[in-house]
Amino acid sequence: MKDKVILVIIDGLKYQTAIEQCGYLEALVESKKARRMKMIAVLPTLSAPIYETLHTGLEPLEHGITSNDNLRKSKFKNIFAIAKASGLVTAAAAHSFFSTLYNEDPYIPIRDQEVNDPDQAIQHGRFYSENGYSAFNIALPSDHDLMNQASMLVSRYEPHYLMIHSCSCDSIGHKFGGNSLEYAKQAWQVNDQLAQHIPFWIEKGYRILITSDHGFTDSGNHGGSSEIERWTPFYDIGHPIPGVGSKEVSQLSVAPSILSILGLSIPKKMNAPLIDK
C-alpha cells in the first residue's frame, strides 16, 4: 500500500469559478504544495452518471447510468469495492446517491443514513438526501457540518479511501444560476471550510484530490456539452509535480489514478492514462 486518499467532489463547481473563488486551493498551487489541472467531464454532464464514472473509470454509455433517474447499484468494479476487497478501510460523507450506487439499493434512511458495516463497500458512511427541499427552503447540507463529519471519520476510523461530496454549489447553481453572486459566494464558502480541514488531513497522511462532477450554465442548468458545463477543476494536494498542469485531463483517469495511489491493482477496463503529469 502507498498513500491514503481523500477525494472531495464539489458538485457543480465550474473551472473558472474555482480559480476565482477558491483562494485557499489556489494558494496551495501557487506555493507549490498542489497541482491544478483542467478536467473535462464525460457526457451527459449529470451527477449520477459522473459519480459512477469517477469511481469506475467508464463512460456513462458503458456503465449504463445515463441519467439521475435511472440510478441503481453499480454493476462494475469500482474504487470502494476494490479497496474493501483488498482489506482497506473505506468511508464517505456524501449524498445518498453514493449509498445507492455502492451499498444498498434502494436507499432507506433509517437503515442507511449512518453506516458502520465492514461488509459494505462503503464501510463507514454518513449520507444525506434532498428530501424535504422546496423553493422556500433548499435545505442545504452545511459544508461546515459535512467537513466535520469527514474529519470525524478520519479521526475515528482512519480510512484508506475517504470520499467527501458537497452539493451546496449545485443546489445554489440551480436556484440562482452559475453566474450569480450567490453561486460565487457558495464556492468561496466550500473553499473556506476546506481551508479549515485540509491541514488536519495532511497531518494524518492523506493525498487529497479535489474536483467537481460538472460545471453550470448561467441559466442554472447542466447536462449538455458546452464548455462551461464540461470544464471542471482538479486539484491534487501532494502531487509530485506541483503548479498548474498544461494539459487537459479526463474524468476517466480519476479511478485508476486513485487505485494507483492506494497501491492497488487497476482493472483492465480502467484503461485511461493516470493523472501523473
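The legends below describe several close-up views of a predicted model.

**View A. The largest nonpolar core and the elements that build it.** This core holds 44 residues, and those that touch the most other members are Phe80, Phe98, Phe127, Tyr161, Met163 and Ile258. Two or more residues each come from strand S1 (4–10), strand S2 (34–40), helix H3 (47–56), helix H5 (79–85), strand S3 (90–95), helix H6 (96–102), strand S6 (161–166) and helix H12 (254–262). The most is given by H12, which supplies six residues to this core. Apart from this core lies another one, of 35 residues, which includes Ala18, Val154, Ile208 and Tyr235.

**View B. The surroundings of phenylalanine 98.** When its neighbours within four places in sequence are left aside, phenylalanine 98 is in contact with Ile9, Tyr51, His55, Asn103, Ile122, Phe127, Met163 and His165. Among these partners, Phe127 and Met163 are, like Phe98, listed with the residues that touch the most other members of the largest nonpolar core.

**View C. Strand S3 between its pairing partners.** Six of the six residues of S3 are buried, so this strand is largely enclosed by the rest of the structure. S3 runs parallel to S6, to which it is joined by four bridges, and within this pairing alanine 93 has isoleucine 164 of S6 as its bridge partner. S3 also pairs in the parallel sense with strand S5 (residues 124–128), over five bridges, and here the bridge partner of histidine 95 is tyrosine 128 of S5.

**View D. Strand S2, covered on both faces.** Seven of the seven residues of S2 are buried, and the strand is thus described as mostly covered. S2 runs antiparallel to strand S8 (residues 231–237), with seven bridges joining the two, and isoleucine 40 has tryptophan 231 of S8 as its bridge partner. Parallel pairing over two bridges links S2 to strand S9 (residues 243–244), where glycine 243 stands opposite arginine 35. Another parallel pairing over two bridges links S2 to strand S10 (residues 249–250), where serine 250 stands opposite isoleucine 40.

**View E. Arginine 207, a buried residue in a strand.** Arginine 207 belongs to strand S7 (residues 206–211), and its relative accessible area is 12%, so it counts as buried, the cut-off being under 20%. Its side chain is joined to that of aspartate 236 by a polar contact of 2.7 Å. Not counting residues up to four places away in sequence, arginine 207 touches Asp3, Lys4, Val5, Ile6, Asp236, Ile237, Gly238, His239, Pro240 and Ile261.

View F. H9 contributes Ser168, Cys169, Ile172, Gly173 and Phe176 to the contact, and H10 contributes Glu182, Tyr183, Gln186, Ala187 and Val190. In the loop between helix H9 (168–176) and helix H10 (181–203) lies serine 180, which counts as buried at 12% relative accessibility. A polar atom of the side chain of serine 180 lies 2.8 Å from the backbone oxygen of glycine 177.

View G. Leucine 43 and proline 44 are joined by a cis peptide bond with omega of about 0°, and proline 44 is placed in the loop between S2 and H3. Aspartate 105 and proline 106 are likewise joined by a cis peptide bond, with omega of about 10°, and proline 106 is found in the loop between H6 and helix H7 (109–112).

View H. Lysine 32, in the loop between helix H2 (23–30) and S2, has a positive phi of about 65° although it is not a glycine. This lysine 32 counts as exposed, at 54% relative accessibility. Glutamate 158, in the loop between helix H8 (143–157) and S6, has a positive phi near 45°, again in a residue other than glycine. Glutamate 158 is partly exposed, with a relative accessible area of 47%.

Technical notes:
Residues numbered from 1 in each chain as written. Predicted model: local features only at pLDDT ≥ 70, side-chain atom pairs only at ≥ 80, totals over all residues. Heavy atoms only, no water. Core = buried A, V, L, I, M, F, W, Y, C linked by side-chain atoms within 4.5 Å. Buried < 20%, exposed > 50% of the residue type's maximum accessible area, 1.4 Å probe, protein only. Contact = heavy atoms within 4.5 Å. Polar contact = N/O pair within 3.5 Å; in protein donor to acceptor, adjacent residues only side chain to side chain. Pairing = 2+ DSSP bridges.
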